[in-house]
Amino acid sequence: MKIAECRKDFPILQRTMNHRPLVYLDNGATTLKPQPVIDAVMNYYTYLGANAHRGDYEMSAQVDAAYEGTRKKTAAFLNAHCPEEIIFNSGSSEGLNQVALMLSGQRLQAGDVILSDESEHASSVLPWIHASQIHQTKVEYIPLDEEGKITVENFKKALHDKVKVVCLAQVSNVLGFEAPVKEITKIAHEHGALVVVDGAQSTPHIPIDVQDLDVDFFVFSAHKMCGPTGVGVLYGKKELLDALDPVYYGGESNARFDRCGTLILKETPLKYESGTQPIEGVLGLGAAIDYIQSIGKDAIHAHEWELKQYFLEKAKALKTIHFYNEKAQSGICTFNVFDKGQMIPAQDVASFLNTKGIAVRSGTHCAKMLVDVLQVPGTCRASFYIYNTKEEVDQLVAALQEATLENCIGIFF
Amino acid sequence: MSEIDPNLLRDIIMDHYQYPRNHQLSEEPSYQSKHMASESCIDDITVQVKFDQDRIEDVRFDGQACTISTASTSIMSELVKGKTKEEANEIIRNYFSMIDQKEYDEDLLEEAIAFQNVGKQANRINCATIGWKALRDMIKESEGK
């Protein structure tokens, strides 16, 4: 991978933070945007302009071509069976909420069980907990192994006749382990359960083939893969999307309706896209997919894993850093810093790194149940992406070397 | 703003973080409790107060918290113990003024002036005020009775 070339595509890397060159290592939260994505968004506002699926004029037809072109591109990106299986929405959280509400209201019975796990992000588990209170369903958890991983064995132990849905992240946002989604899906289907996968942390980094995985629903967000915020994708198998009714109703999702309440919805996927969609976001997502494809997911993943191994090697030499996910083959590094055997609160470390121009995340990373598994109140998370370099890792390690309790408090003076 | 040696101020925070005062909750029913879970970070603390009529007889706290929330709550607990509610409210008002970079009475705040620059890291203002908000709320609730 030619990182120096790649970095030139990201104008934001020219900025400073706290008067230092920006070292952005919070890619698990969101990624920076390359010029082609910015241009695609700008082009909508400065040239295309019209709404989608509505106008009888050239501008509108151009928008439709770009918008539906992105749907085709996204289908190819996930290896979906057809473009109709791609629904645009505001992102992973909305997609997971849509699926939880649709399945809970239309497919599940009181007493049915949804299987989740304790490493899940709030967006994956809270929609089901909320729906369970309305529909008297129940959320149960696959026990994690001692490293915090989901294993096929533990999944089998948690599975029983009442389980009708399995909902989990393909890659955990805290620990970065990849769950055995394909194997779990095969077993779940043998037991008549549907599988919903949160791909927010996997789609930007590893090749996704929804047909090979055979999952029933899959979501991801554009902003975690160089795309705009406020836009994402819900993939669903065509027969499921055809059979289900949407959560939202409004303009453009219906074909006919009258005062008697007769409603004819449009065909999938448009019946799921009520109201004006984030059109510039969808076009930006298309540009992001092109950008990622031009580099290649295998190269992206190899680069992140190389940076992580480099970081582990350098940081371990300091002897003050404890890692929680050394073996997770991703760009996510979860750790805490110790000073004379005492753990420095993660937020103090993150604030200290901020003064060095380094952006990392601290806290529970929206996976609040994992705290009990790791037995620490919070962690620091550095997460790498395509534009990060070994030099940046060196800067992180140098800063961590200085991260004593005294220095972390010293930033306030 | 105080011209006190920054190293001294830093040491005050270090000391209260490493050896927090009044850092154990009481099981006596005469204590009022307030649980504060920060929306933005891991800080999750419980503050207790025991009133003797108009006077604050005791303040205690415990929980998971960063250096700034632990030290600021520890310092607060020492500052307001034995004070009347009115005196405590005055201290709290001055503390929030200081955090907001407004005029405040340094003499009233004693060691709490160590947090005069906490606003340099905007995301940490919540850490420096979480315990103080708990006490402020409990005094207000007690006055409303």
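1. How much space lies in the second largest pocket? In this predicted model, the second largest pocket holds about 260 Å³, a pocket being an open set of points on a 1 Å grid over the protein atoms alone where a 1.4 Å probe fits, with protein on both sides within 12 Å along at least five of seven lines.

2. Its lining (residues with an atom within 4 Å of a point) comprises 26 residues, with H121(A), S123(A), A200(A), Q201(A) and K224(A) nearest the centre of the pocket. By class, the lining has 6 nonpolar, 15 polar and 5 charged residues, Gly being counted as polar.

3. Chain A is divided into domain 1 (3-26 + 296-410) and domain 2 (37-294), with bounds from an automatic or database domain assignment. Because both domains give residues to the lining of the second largest pocket, the pocket lies between them.

4. The area buried between domain 1 of chain A and domain 2 of chain A (accessible area, 1.4 Å probe, lost on putting the two parts together and summed over both) is about 2,400 Å², of which carbon and sulfur atoms give 63%. Of the area that domain 1 of chain A buries against domain 2 of chain A, K297(A), M369(A) and Y385(A) supply 29%, more than any other three residues.

5. Residues are numbered from 1 along each chain as its sequence is written, and chains are lettered from A and ligands numbered from 1 in the order in which they are written. Local features need pLDDT of at least 70 and side-chain atom pairs count only at pLDDT 80 or more, while totals for chains, interfaces and linings use all residues, and side-chain values use heavy atoms, with hydrogens and water left out.

Notes
Points joined across faces, edges and corners; volume = space filled by probe spheres on them.
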